Structure formats: C-alpha cells, structure tokens
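Please read these notes alongside the coordinates.

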Amino acid sequence: MAEDARWTRARLGRCGPSLDMLTARFDKHVYAPHEHAEFSIGVCVGGSEVIDYRGGHIRTGPGSIVVLAPGEMHTGGPATQTDGYAYRALYATPSLLADGTLLAGTPHFRDPVVADPELAAAFRHAHTALSVCPDPLEAESRLPWLLTALSRRHSTARPAPDRIPGASGVALLVRDRLADELTAPPSLADLAADLGLSRYQLLRAFRTTMGVPPYAWLAQYRVVRARGLLEAGLRPAEVATLVGFADQAHLTRWFRRVLGVTPAAYRNSVQDAARA
C-alpha cells in the first residue's frame, strides 16, 4: 500500500466557514501523539488501524466510523505489518454535531467506534465527491446533515423534534431563492437565520418537501437552464459558467446524471435535428 495523504478544504456555503478533509492511505506511517480542536471523524476504507485513545486501543476495520472528541490526545498506526490502513476523515466543530439535537454544548460519544454501514457509506460518498469538487452549496447540504445524523443516532444527545411547522412553505421559499441566485446561491445558514430556523430544520423541511437536498435540486434546475442554452448553440464551457457550475466537468457530471448524455452530445443531437 502506497504512503499518501491529501488534504482538501470544503466551504460550508458561500462565504461560510471551511471544513478540512483528509484522504489517507498508509503502509507503515505511525502518527505522533496529537489532538485536534474539532471532532475528528474518520471512515476506514481499507486495511486496519490501531489508535491509542483515552487510555485504550481502538482497532478499525473497513466501514467503521471513528469519532475522536476535540482536545483528546491520540495516535494512529497500522494494525498489522502487512495490510496498512486507509481512511477518509473530516474535522468538524462541535456545533455542527449539536445542530438537530436538544444539546447546546459538545455531544458525547460513549464508544469512539461506530458501526453504522449506511452512515459510513454516506460519509464516504460525500467525502469523495467533495474532495473532487468542493461546491459550497453541496458541502453545506451534505456534511452538516450527516454530522447531525451521527450525533442523533450515536451520541448521548437527544434528537430535536422532527416536525418543522410550515415545512412546505419554507422549502418553496428556499427553492425560489436558489433559482433566483443560481450562479451564486446564498448559504443555507443565512437562509435559515432569515427564517428563524436552524440549518438542520431548513434542510429537513427542504428534503421532506422536495425529496432531495438543496444542492441536488439546484443542480437539476441548472441542467434545465443549460439545455436551453445548448439548444441556442452555446458551447458547454460557456454554458457551465452561465448556469453556475464550477466548470465544464461539473456540468457534464450532472448533465449525464439527469439526462444520460454529455452536454456536447446533447448539443450535437439537437443541432442535427434542427438541420434535418
């Protein structure tokens, strides 16, 4: 297993706070004792790691989630001499885990190793996507939601009520703001504050009403707008900027997800049809 570590940074909403993410794959590397100011949340994706933590030893395996509290000294190294270890981690402030709970302080996890395959897979997929394209709205739609789920399911904090009064109205207001500002969408935290809600409440209202998180709704709306511009003869690279995608590759990924073809193939097909 090759020794490799790569740090990336996602911003939670336009002009919002940043969140660091680490993708690591080690054969023999052993961390010196250290601590983090934030929660360190990692998902093992290969091999096995042994972590010294709170006077004991934690052993990870593929699919396990490890939650290390802020200010807790720990180390990490390979569990065997042959397998190495690989993981994806993110570093989140306590407030991100407390949102959606009835706790005002720092959530407590009795067991630092969490067995939750569904949540582990969701963390891994979000981390992978945001490491490639750290879109602020996508990061703010996905990471706080997953961190809240982790705390609600596995910490001692009690979940806040799920019912959001006027959820459908909230979702429609957010939808309209995103559509109006598709090239520079507002942060969900700012929208939530304007509506007197927490970000978790806004996300829950939107997901319950629209069936998808805000970033996914906006991406599909951008694809609809992109179709019209491609039909008018604009090139995909131009269209990507005009509808708010980070670049042509970002447009292409979503265009294929929604319509099954690339923007270039779609543009060529509608132009061929017009000439026929």
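The points below refer to a predicted model.

1. The largest nonpolar core has 34 residues, and Val174, Phe245, Leu251, Trp254 and Phe255 are the ones that touch the most other members. At least two residues of this core come from each of helix 3 (136-154), helix 4 (167-180), helix 5 (188-194), helix 6 (199-210), helix 7 (214-231), helix 8 (236-243) and helix 9 (248-259). Helix 7 gives the largest share, eight residues.

2. Leaving aside residues up to four places away in sequence, Trp254 touches Tyr215, Ala216, Ala219, Val223 and Phe245.

3. Val258, Leu259 and Val261 make a nonpolar surface patch of about 180 Å². Of these, Leu259 lies in helix 9. For context, nonpolar side chains in soluble globular proteins tend to be buried together.

4. Cys15 is not a glycine, yet its phi is positive, about 70 degrees. The residue sits in the loop between strand 1 (4-11) and strand 2 (18-26). With a relative accessible area of 72%, Cys15 is exposed.

5. Arg54, also a residue other than glycine, has a positive phi near 55 degrees. Arg54 is placed in the loop between strand 5 (49-53) and strand 6 (56-59). It is partly exposed, at 40% relative accessible area.

Terms used. Residues numbered from 1 in each chain as written. Predicted model: local features only at pLDDT ≥ 70, side-chain atom pairs only at ≥ 80, totals over all residues. Heavy atoms only, no water. Core = buried A, V, L, I, M, F, W, Y, C linked by side-chain atoms within 4.5 Å. Buried < 20%, exposed > 50% of the residue type's maximum accessible area, 1.4 Å probe, protein only. Helix = DSSP H or I, 4+ residues; strand = E, 2+ residues; numbered from the N terminus. Contact = heavy atoms within 4.5 Å. Patch = residues over 30% accessible without salt bridge, like charges linked within 9 Å, V, L, I, M, F, W, Y side chains within 5 Å. Areas by Shrake-Rupley, 256 points an atom, 1.4 Å probe, with all protein chains shown as cover. Salt bridge = Lys/Arg side-chain N within 4 Å of Asp/Glu carboxyl O.
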